[in-house]
Amino acid sequence: MPDPRFFTASGPFSAAELAERSGANLAGDGTRSIAGVAALDAAGPADLAFFDHPRYRAQVAATGAGAIAIRAKHRELAPKGAVLLFSNNPHRTFALVAALLYPEPRPEGGVAAAVHVDATARIGAGCTIEPGAVIRAHAEIGKGCFIGANASIGRGVVLGEGCRVGVGASISHAVIGANVNLYPGVRIGQDGFGFVPDAKGHIRVPQLGRVVIHDGVEVGANTTIDRGSGPDTVIGPGCWIDNLVHIGHNVRLGRGCIVAGLCGIAGSTTLGDFVAMGGQVGIAGHLTIGSGVQIAGGSGVIRDVLPGQTVGGYPAVPIRAWHRQTASLRKMARLAADAAKEE
Amino acid sequence: MPDPRFFTASGPFSAAELAERSGANLAGDGTRSIAGVAALDAAGPADLAFFDHPRYRAQVAATGAGAIAIRAKHRELAPKGAVLLFSNNPHRTFALVAALLYPEPRPEGGVAAAVHVDATARIGAGCTIEPGAVIRAHAEIGKGCFIGANASIGRGVVLGEGCRVGVGASISHAVIGANVNLYPGVRIGQDGFGFVPDAKGHIRVPQLGRVVIHDGVEVGANTTIDRGSGPDTVIGPGCWIDNLVHIGHNVRLGRGCIVAGLCGIAGSTTLGDFVAMGGQVGIAGHLTIGSGVQIAGGSGVIRDVLPGQTVGGYPAVPIRAWHRQTASLRKMARLAADAAKEE
Amino acid sequence: MPDPRFFTASGPFSAAELAERSGANLAGDGTRSIAGVAALDAAGPADLAFFDHPRYRAQVAATGAGAIAIRAKHRELAPKGAVLLFSNNPHRTFALVAALLYPEPRPEGGVAAAVHVDATARIGAGCTIEPGAVIRAHAEIGKGCFIGANASIGRGVVLGEGCRVGVGASISHAVIGANVNLYPGVRIGQDGFGFVPDAKGHIRVPQLGRVVIHDGVEVGANTTIDRGSGPDTVIGPGCWIDNLVHIGHNVRLGRGCIVAGLCGIAGSTTLGDFVAMGGQVGIAGHLTIGSGVQIAGGSGVIRDVLPGQTVGGYPAVPIRAWHRQTASLRKMARLAADAAKEE
């Protein structure tokens with residue numbers, strides 16, 4: 001059960017109400033009282049769990065969960081007594097129910113005394129601004145934003161409604177949509193890495209673009225997104241970016257891209273929609289990565305990738321070719337070891 | 001000699017006193033006055049150096065150090081006049097003596113005027129809280145903690161005695177033991193990277209776990225540790241984590257693990273005790289890495305690793321297999337080059 | 001055109017004046033009025049563009065730019081009407097003109113009310129110190145420095161003239177030259193990763209060195225540079241370091257090194273002058289990397305590299321050998337695939 005020091009339960013609710021509010025179909029006792037969520041092997045009679053992968057077949061059979069989000073076609077796998085919430089995406093149902101039972105706490109609203117808001121900044125209704133935050137001239141903060149302690153909003157920056165700026169984050173030279181969630185320590189809008197190499201001292205190229213972040217984007221802790229050099233750096237709607245990611249100047253991400261921790265995307269590279277990058281992936285500059293591309297963790301991408309491809313390796317190649325490469329290499333090393341033994 | 005602007009010497013001490021307080025056995029003139037520490041090739045008559053590797057045999061023979069921490073069996077390698085401090089771990093002796101001669105400055109104590117401490121937070125005796133720090137409702141700070149400037153302690157967070165929270169660090173949803181050292185810019189307890197992919201917009205999975213950090217852990221600058229999704233993220237006692245490391249939700253580290261800079265550990269992976277990871281290692285999610293495993297820098301681990309193994313490569317394999325792989329690859333490339341020349 | 005919310009134009013200027021001030025030779029109508037800069041394919045009659053690579057031959061022929069920075073030998077490639085600024089380094093000319101047209105805004109000067117400056121700190125004339133900044137005892141800040149909001153300057157730290165310390169950055173145990181630019185979230189001078197492994201608890205080795213940063217260095221957002229363990233960590237004049245880079249204790253960089261995002265340099269490694277590292281490169285500890293070495297992105301360097309070499313791969317080898325390795329591996333995997341089909 002979530003630690004009550006950190007999470008506040010809003011339930012319990014009846015299983016029927018949770019089904020209705022999460023868009024699932026109910027089978028079983030709709031009056032059952034559900035107060036929490038848990039994994040199949042940890043859930044009790046007041047919890048909802050979910051089942052969506054054959055790997056967990058034994059766990060679902062043995063679960064003590066009071067309710068289970070499950071596909072209708074899997075109903076026979078669940079224990080008899082459990083209430084079932086049918087949907088095509090049980091994990092989604094689980095997430096929606098969890099959000100109903102443990103809603104994110106609303107910021108308490110109000111502007112702390114010890115903030116530094118320029119007289120020309122515009123602050124929307126219902127914003128929470130924590131102590132030590134700095135909001136500079138001509139910034140525009142939409143309604144209902146949360147600006148964490150000691151965060152910094154630069155001159156002229158625009159934030160849409162419902163954004164969260166984490167503790168200690170900083171933003172400059174940026175236009176940001178609605179419901180964008182910047183985690184603590186995020187750095188948005190600083191100079192891109194632009195210079196002309198010169199033996200007498202590399203010469204700075206003024207970085208005259210912006211960062212444009214569309215609605216519903218998540219940016220993980222301590223991630224950095226540099227502003228464009230002339231064009232903008234653009235993060236498309238609904239992208240999810242994890243912690244400690246570096247996004248260089250003029251990079252463009254389409255809609256719904258997923259970027260795991262410690263990835264780096266070098267300058268002027270363009271990603272289509274719904275590109276998914278595993279952790280620690282590097283993409284070189286000036287490349288085009290098509291929509292739907294998936295990139296295995298740790299890969300180094302040095303060429304364009306066509307839409308829909310899955311790639312892996314360093315340098316990255318189509319994933320099956322990479323698997324053949326690693327298999328060949330293992331075999332070759334084994335042969336060398338055997339030969340060494342025979343000598 | 002350490003720059004007195006930054007370090008305050010507490011000595012000199014007699015060699016005999018340093019030997020006693022560091023648990024070493026003395027040989028030679030115990031009255032010799034030792035004021036500092038240095039490497040063999042830089043040490044003078046008032047310095048302690050140490051010798052523990054045959055590679056430095058020439059250096060120890062020529063050193064000007066007034067005292068040397070050394071194994072008794074190596075005593076003949078040292079110059080005649082030097083005072084010797086015998087121990088089974090001369091580097092350890094050196095570290096202990098250095099800490100005696102240059103003790104970490106005690107925070108001056110006291111709570112700055114410009115801090116933001118909620119009325120319900122409990123602050124132990126002897127804490128130092130620097131300007132701009134924010135401590136939220138129901139937080140509990142143990143005795144003798146140091147909370148750096150502009151750091152943020154979230155609602156309900158628990159810190160044991162003697163912790164240090166670096167400048168600008170942020171902590172939420174966490175229960176932290178004693179003598180934990182969080183370096184500047186550390187991010188603890190933010191949401192894990194949890195969502196259900198959805199073409200209409202990925203759906204957040206509420207992250208309802210915590211971060212639990214046991215006693216004596218070090219967490220390097222700008223490192224991020226996400227809270228669990230339901231289970232906790234757990235860092236075992238005495239782990240040392242370097243800078244810019246990313247630790248995902250539900251990860252569990254055992255006792256005394258060593259994680260070098262820029263490593264990433266993906267969600268729900270478990271490490272045993274005393275696992276050692278070189279720099280920039282990536283470990284995929286949902287894996288089990290046994291106790292005592294060592295992982296070469298830059299490796300990408302995509303399978304479970306049995307206790308005691310040493311692995312390397314991308315994807316990682318037993319270290320000897322990796323060495324054979326790279327040797328085979330070098331040989332193959334050389335043959336190809338030769339063939340190209342003959343044509 | 002740069003967004004006027006974020007950038008303030010100082011022009012327009014005549015082409016003749018821009019040529020003179022950037023050290024270029026003029027051909028064409030020197031009275032033409034130039035107000036901005038843009039890429040060849042985006043520039044209009046009041047913009048300067050530049051041409052320096054045959055790849056953009058078609059773009060320069062078709063450009064609408066009013067002025068073009070170009071080598072004299074390429075003059076025939078430009079459209080007839082354009083004013084030309086000849087130089088041996090057109091990108092450099094472009095950068096200098098851009099800096100004339102869009103000069104970096106001068107900090108407004110003055111020390112905010114809500115700063116925390118110790119009485120013993122010395123602050124040079126013309127410094128700007130934003131709210132929430134903390135400057136500790138005996139720190140010395142040169143003339144004309146900018147200290148961003150909520151930044152922290154440690155006891156005794158020295159900053160030369162004209163430095164910028166980004167929002168939320170922290171510095172301790174460091175001596176920093178003139179015109180050094182630390183981006184937001186930078187961490188300078190914290191303890192290096194130094195300990196003696198011990199099953200009862202790893203033992204801290206006191207880190208008694210400093211960070212020394214020479215003139216004109218750039219350090220990217222959220223990058224970390226640890227102080228030395230006894231020797232110093234040294235960053236040579238004019239180095240450019242990108243975001244999220246980790247530099248370990250005792251590392252020494254020569255003059256003008258270029259370090260791209262997410263690189264890690266392990267302890268006690270020395271780089272010569274003008275070493276260039278692509279993104280996500282790792283260099284193991286205690287190595288020597290010669291002057292002029294270039295390292296391909298994603299490489300893992302585990303051996304010394306002689307001056308002037310270009311290396312790549314994991315582990316890194318001379319770049320041509322790496323290319324042969326990857327070609328051999330691709331070929332071998334293809335043969336394996338063909339063989340599998342025939343069976």
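**Reading the chains and their parts**

Author: Start with the copies. Chain B can be laid on chain C with an RMSD of 0.0 Å, using a turn of 120° and a shift of 0.0 Å along the axis. The two copies are thus related as by a three-fold rotation axis. As for how the copies meet, they use different surfaces, since 18% of the contact residues of chain B recur in chain C. Keep in mind that this is a predicted model.

Reader: What share of the residues of chain A count as buried?

Author: Burial is judged by counting neighbours: a residue with 20 or more other C-beta atoms within 10 Å of its own is called buried. In chain A, 59% of the 343 residues count as buried. Contacts can also be sorted by separation along the sequence. Among the contacts in chain A with a separation of 6 or more, 22% are between residues 24 or more positions apart.

Reader: Which residues have the most contacts inside the largest nonpolar core?

Author: They are A:I147, B:I147 and C:I147, and the core itself has 216 residues. Take the copy in chain A as the case to look at. Leaving aside residues up to four places away in sequence, A:I147 touches A:C127, A:I129, A:E130, A:A133, A:I153 and A:V165.

Reader: Is C:S10 buried or exposed?

Author: C:S10 has 11, so it is exposed. C:S10 belongs to the segment before strand 1 (13–14) of chain C. Beyond residues up to four places away in sequence, C:S10 touches C:L101 and C:P103. For a sense of distance, the C-alpha atoms of C:S10 and C:K341 are separated by 67 Å, and these residues are 331 apart along the chain.

Reader: Now the sheets. In what order do the strands of the open sheet of 12 strands in chain A lie?

Author: In chain A the order is 8-11-14-17-20-25-28-31-34-37-39-40, with mixed pairing. The edge strands are strand 8 (110–111) and strand 40 (316–318) of chain A, each pairing on one side only. Helix 4 (residues 319–342) of chain A packs on this sheet and touches strand 39 (310–313) and strand 40 of chain A. The direction of helix 4 makes about 30° with that of strand 39 of chain A. Within the sheet, strand 25 (residues 218–219) and strand 28 (residues 240–241) of chain A run parallel and are joined by 2 bridges. A:V219 has A:I241 in strand 28 of chain A as its bridge partner.

Reader: Which strands stand at the edges of the open sheet of 10 strands in chain C?

Author: That sheet has the order 9-12-15-18-21-26-29-32-35-38, with parallel pairing. Strand 9 (116–117) and strand 38 (300–301) of chain C are at its edges with a single partner strand each, so one side of each is left without a neighbour in the sheet.

Reader: In which sense does strand 7 of chain B pair with strand 2 of chain B?

Author: Strand 2 (residues 25–27) and strand 7 (residues 83–86) of chain B pair in the antiparallel sense, over 3 bridges. B:A27 has B:L84 in strand 7 as its bridge partner. Strand 7 of chain B is also joined by 4 bridges to strand 6 (residues 67–70) of chain B, and these two run parallel. In that pair, B:A67 stands opposite B:V83.

Reader: Last, the interfaces. How many residues do chain B and chain C each give to their contact?

Author: Chain B gives 50 residues and chain C gives 46 residues. Helix 4 of chain B gives the most to the side of chain B that touches chain C, with 7 residues. By class, that side of chain B has 26 nonpolar, 18 polar and 6 charged residues.

Definitions and conventions. Residues are numbered from 1 along each chain as its sequence is written. Chains are lettered from A and ligands numbered from 1 in the order in which they are written. This is a predicted model: local features need pLDDT of at least 70, side-chain atom pairs count only at pLDDT 80 or more; totals for chains, interfaces and linings use all residues. Two strands pair if DSSP finds at least two bridges between them. A nonpolar core is a set of buried Ala, Val, Leu, Ile, Met, Phe, Trp, Tyr and Cys residues joined through C-beta atoms within 7 Å. A residue is buried if 20 or more other C-beta atoms lie within 10 Å of its own, exposed if 12 or fewer, and partly exposed in between; C-beta atoms are placed from the backbone. Two residues are in contact if their C-beta atoms, placed from the backbone, lie within 7 Å. Ala, Val, Leu, Ile, Met, Phe, Trp, Tyr, Cys and Pro count as nonpolar, Asp, Glu, Lys and Arg as charged, and the others, Gly among them, as polar. Copies are superposed by least squares on the C-alpha atoms of residues with pLDDT of at least 70 in both. Axes are lines fitted to C-alpha atoms, for helices over the stretch in contact, and angles run from 0 to 180 degrees between N-to-C directions.
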